[in-house]
Each structure stands twice: as C-alpha cells, then as structure tokens.
Amino acid sequence: AYLPFKTTISQPLYCLIKNIVTFIVLVVITFLLLSSPSQMIKLFFNYFTANQLQVSRVKEAKMCTLSYFLHTLGLLLLCLSVAANKEPLSNAKYKNPKEPLEVRIKNLMSHMTLEEKLGQMVQVERVNATTKVVKNYFIGSAFSGGGSVPAPNATPEAWVNMVNKIQKAALSTRLGIPIIYGIDALHGHNNADPGLVKRIGEATALEVRATGIQYVFAPCIAVCRDPRWGRCYESYSEDHRIVQQMTEIIPGLQGDLPRGHKGVPYVAGKTKVAACAKHFVGDGGTLRGMNANDTVINSNGLLDIHMPAYYDAVNKGVATVMVSYSSLNGLKMHANKKLVTGFLKKKLKFKGIVISDFLGVDQITTPIHANYSHSVYAAITAGIDMIMGSSNLTELINDLTSQVKRKHIPMSRINDAVERILRVKFTMGLFEDPMADHSLANKLGCKEHRELAREAVRKSLVLLKNGENADEPLLPLPKKAKKILVAGTHADNLGYQCGGWTITWQGLNTNNLTIGTTILTAVKNTVDPKTQVVYNENPDTTFVNSSRFDYAIVVIGETPYAEGYGDSTNLTIAEPGQSIMENVCGLVKCVVVVISGRPVMMQPYVSEIDALVAAWLPGTEGQGVADVLFGDYGFTGKLARTWFRAVDQLPMNVGDPRYDPLYPFGFGFTTKANKQL
C-alpha cells in the first residue's frame, strides 16, 4: 500500500507517512480487538515481520528500520496499555452483583455507546416492542397502555410469556441490559388506614409480578381539590395530610426500606415491584377540575398542598416519579426544569427515574406534536429521564441523537438520565434475575387477596344518613324479612362497581369483565334463606306500591370513566338513577348506595332517603357492602373529601373561608356490628 509513494517522495518522508499510517492502523486494531489482546499481538507480529522484509529492500534500510522499530514498539506498548485497562465484557464489573451499586453503574456506563444510552431512555408500548425494535434501538423499557393486553382474557402464563419475549430481545443485545415493564395498577381507596393500604400494596405487587411485570404506575398522590376532575378517584383526598399517610402503599409495593437507604430507590426482590409517585406536581389543582389543565397557584400553596406527599414518597424510596400533563401557572410540567430538576432532583435529592406521562412530551406544544424537536429538547433538559411513548419512535431516536451530537442537549444530561435508569434496574435485581416465571400465578385473584379487598370495601364505606334521627336508624338492615327490593342500575353490574382502569382504560358496562360479586348477589348471600329478594333495575311506582316490600336497597351512581373523559361540569347521577330514587324511596323505607369515584349531586334527594351510603368504587368484592349494610361489621369510614351541596360552590375544600357543604370533610356516622339481626 505504501509503494506508490516510494517512487515520488524521499525516503525519510516515506518513513514518516508509513509510521503515521501504522499508528492509525494500530489504534483501530486495538479498539476492535480489546476483548482479545493476544490476537492483536499476533497480528502486530506478522505485520512487523512482513514490513521488515519490505524495508530491507530499501537503500536506507538500516536507519528506517531502526526508526520504524522504535516508533512502532512504542505504539505497541501504548496500545497494549490501553487494551490492558479496557476489561473484556465477559468480566465486566457491572455483571458482578458483589460490586457496589455505583461502581456497577459507572462501569456499565463506560461500555455504552450514545445509541445504547438513548435507547435506555425510551419506553415503548408493548405492541411496538418487537424483537427487532428492542434490539435495533436498545430499548430500555416497555409498557401496557390502558386495556393493552397480549390476548383477550389473557392468562398469567400469556402475560409472562409476552414479557419474557421482550426481555429475551433486550438480553440478546451487546451489553444485555434488561428491560423494565410497566403497567397501571391504581388504588385510590379513600378511607383505608395506612396499614391496610400497605397490605393492599403488598397484594398488588404479588399479582402484578404473577403476570411477569416488574413496574407499576402507582400510587397517584395527587391532592384532588375539585371533584369535577375525572381523575379524582385516583386521589386519596383533598387534604395533603391524608395523601401523605397513604404513601405507605409504596413500601407495600416495593418492600420496607432498609436502614441507611432513605431517599434511595429500593425494590426488595421478585415479589415486589417498582412504584411510581404521580403526577408531579399540582395535577389535582387544575382550573375547574379539567384534566391536564393549568394549575394557578403561588409557591406557598404549591408547597403546602401539592408537594408534601412527594417528600414522603422520596423518603420511602419510591423508584420513579411521573410528570403531570398539566401546567403550572402556564408552563407545562413536562418542560418545568425549575421543579423537575431544581426541586425534585436537587432539593428532594430524588435518585430514581423521572418518567413522562404517555405522549406527555408530544403534548408540550399545541397542537400536539407541532414542534417535536423543541418538545424533546424542553423535556430532556427539564430533567425527564425516560419518555413514555412516542408518535414516531424513529423520529424520537433521531431527534435525540441529533440534538446530543450538536450539543443542544448536553451529554451530562443524558448520562444523568441513564445512571438513574440503571440504578433502578440494578436495585431491582434485574441483571441477576431478569426472566419472569409462573411461580406466582396462584396469587392472581386468590382467596386471601379477595378477602383483603373485601375488608377494604367495608372500611371505606361512609354512612352519610341513617334515619331521620338517631333514635330511629334504618341501618343495619334486618336479615330476616318477608320481602325486600333491590333496585338500581348499579345493583347487578360488576363493571359499574369497578369503574375505569379495569381491564380496559375506560372500564366496561358488563358482568363479564372479571370475576367478582355484585351487590345484588352479596345481598342474596347475606339475608336469611326465607327472605324473598326481588330485583327490579328500574321499577315504576305501581310495581313498588303493589309489592309491599319491607325495605328497599337502591344502588345507583356514575358510569365508568377515566382521565379527561370523566371531567364533569354538573356531577349529576345519570338517569334513570334519579327516577329510581324518586319512585322507590317515596313509597318504601330505602337505603341508597351511591357507586361513584367522587361526591355527586345528592342535595335534591336527601330528604326522601332514609339512609345514604357512599360506597365509592368497591370493585369486585360487593360482599363487603352487604357485610356492613346488614350489620356483620359496623360503619367506620369518614369522608376524605368534602361533599358539596351545589356544583357552583366548587372548588370548596376543608379550611376554605366559605365552607358550607352538604357533608363536611371527616363526616361519617359509625355503627356497631350486630350479627344477630
């Protein structure tokens, strides 16, 4: 290759050019063969010997050979030194669980290319998480959107197999970095005590792990300040102190934080899941309760109402925090560097992953995706570490790559994001045990967990009215009666009991969505065998008048919804719910059980009702409602949010100067158990 130069240039210049080219060749060889220095030495030896023969044919061979030998020997020693310091992947420190966490993170980072780092920052929906996509883009995470399942009525085995297929693709990449798979697992129990909520978290973790999934987008620690918001049922309360207490679900999901781990992400093995505190921050305070709207509030209000639960979540080792779709004083939270980086990461010293909401980066601009490059820049520089979903995956990867190479997004920001992602994955033990198995399949919907859910239902019910006075209560109801009426749209509808985010995103109007007990079935299970239970979903006055019922149970409420689809300007009970109350309760003693995700308009009907129970969304275990209605257990629940008189009072929260509710925050009658009734 050098011979053409020999005929036209002097011998010293020829040797100089030759040595420069040799240097380049040796550097390339070194980095190509770092994992096998012995091959490099052999190749160099053969190359050097061949060149010695060539140089010997040149007039000034001795001087050139000596110069070449000394120069090349120096280069060889330099390259060998580099190779010796660059460990082979098979022995890399990041693969050794005995190495300290931060050592493993830094070691793995040193092996990663820019493409591999950016891939870790992307979370793709499961339908897009093909083997090709995961391997080509080095994808770091996958997730199931609302209702996204491997197959209709999928078994735990089907879920495990799906997750493992994606995991195998990730493990087959050069560095073998496992993916983390996420799913929604919402629990907004409003009146449970922290100990019960922690047990709910433990059960949830087991059931999620039974499907092979290691990560849940829960809990929602929003402070809902306006029930018109369609996500109010995901929130624990309008009072931040209750929301703070309910963060006890985090150690239930992740495991109890060991001593000395305060503020550091922690997940205790394969029976636990990574949790996600959401939505940072102020999502429950938007104007008029509109989903993803603007929260207008001063710094003191933000810190006093919406921020406190994040202190608790971080201190309890929450692994991830999800950013809110909403804005704060006009600035999209997905672009709010002051709060995401300045407060959450620096002030609270959060060390885990900050993840976007689904397509949250796209929604930085109006219309959505209008200036995607700007949105990507704004989100990443604000401090978001992982992007959930993208309208166009290739566009996202290319945009990130371009902005980093052009130094618009600093490499330090990318490294910070990837370090956080790897920290969570190492902490979870995914590198040592990445594959899911079928050993927990028997935990899904097991009797123990259903009993726990039933207990949660009992303790969350709130008795708002019980007779016209304390001397003449209607509840608890007698089990022995000649004939009773069960009426209402929600009495025999499991889908209505469960609400949104159940099997599908918006929920279903059916009894076939999952296994459970409707309130009608629960009543039949509970009353005396001789008691005749008559069910009529929508009885007219003639039917009620002619039937001579001892009493009636009317079950009505909201139909399922999720997120913005649940935003409401009137909060009324849909027909025929109102008519059913009027037709039944005006003619026979009745208890009205309201199934809803929030307080609804009840002021016009209260005077006609003998007893009123807020049952919220009791889920599959309707037997818990009957347990309390019939006195096997007493009512203990208290309102975790104010029950308004009229919608034009909203927003109205405890402590407000003008506070005139139908039922105040903390209200709820109690009864004693009387199993003899």
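The structure is a predicted model, in which local features need pLDDT of at least 70 and side-chain atom pairs count only at pLDDT 80 or more, whereas totals for chains, interfaces and linings use all residues. Residues are numbered from 1 along each chain as its sequence is written, and side-chain values use heavy atoms, with hydrogens and water left out.

With a disulfide taken as a pair of cysteine sulfur atoms within 2.5 Å, the model contains 2 disulfides. One of these links Cys-224 to Cys-232, with an S to S distance of 2.1 Å. This bond is left-handed, with -110° about the S-S bond. Both partners are buried: Cys-224 has a relative accessibility of 2%, and Cys-232 a relative accessible area of 1%.

A disulfide is also formed by Cys-585 and Cys-590, whose sulfur atoms lie 2.0 Å apart. Its torsion about the S-S bond is about 110°, and the link is therefore right-handed. Cys-585 is buried at 7% relative accessible area, as is Cys-590 at 0%. Cys-276, by contrast, takes part in no disulfide, the nearest cysteine sulfur being that of Cys-220 at 9.8 Å.

Ser-324 is located in the loop between strand S7 (320-323) and strand S8 (327-328), strands being DSSP runs of E of at least two residues, numbered from the N terminus. This serine is buried, at 3% relative accessible area. Its contacts (heavy atoms within 4.5 Å) include His-279, Phe-280 and Met-333, when residues up to four places away in sequence are not counted.

Technical notes. Helices (H or I, at least four residues) and strands (E, at least two) are DSSP runs, numbered from the N terminus. Buried means under 20% relative accessible area, exposed over 50%, partly exposed in between (1.4 Å probe, protein chains only).
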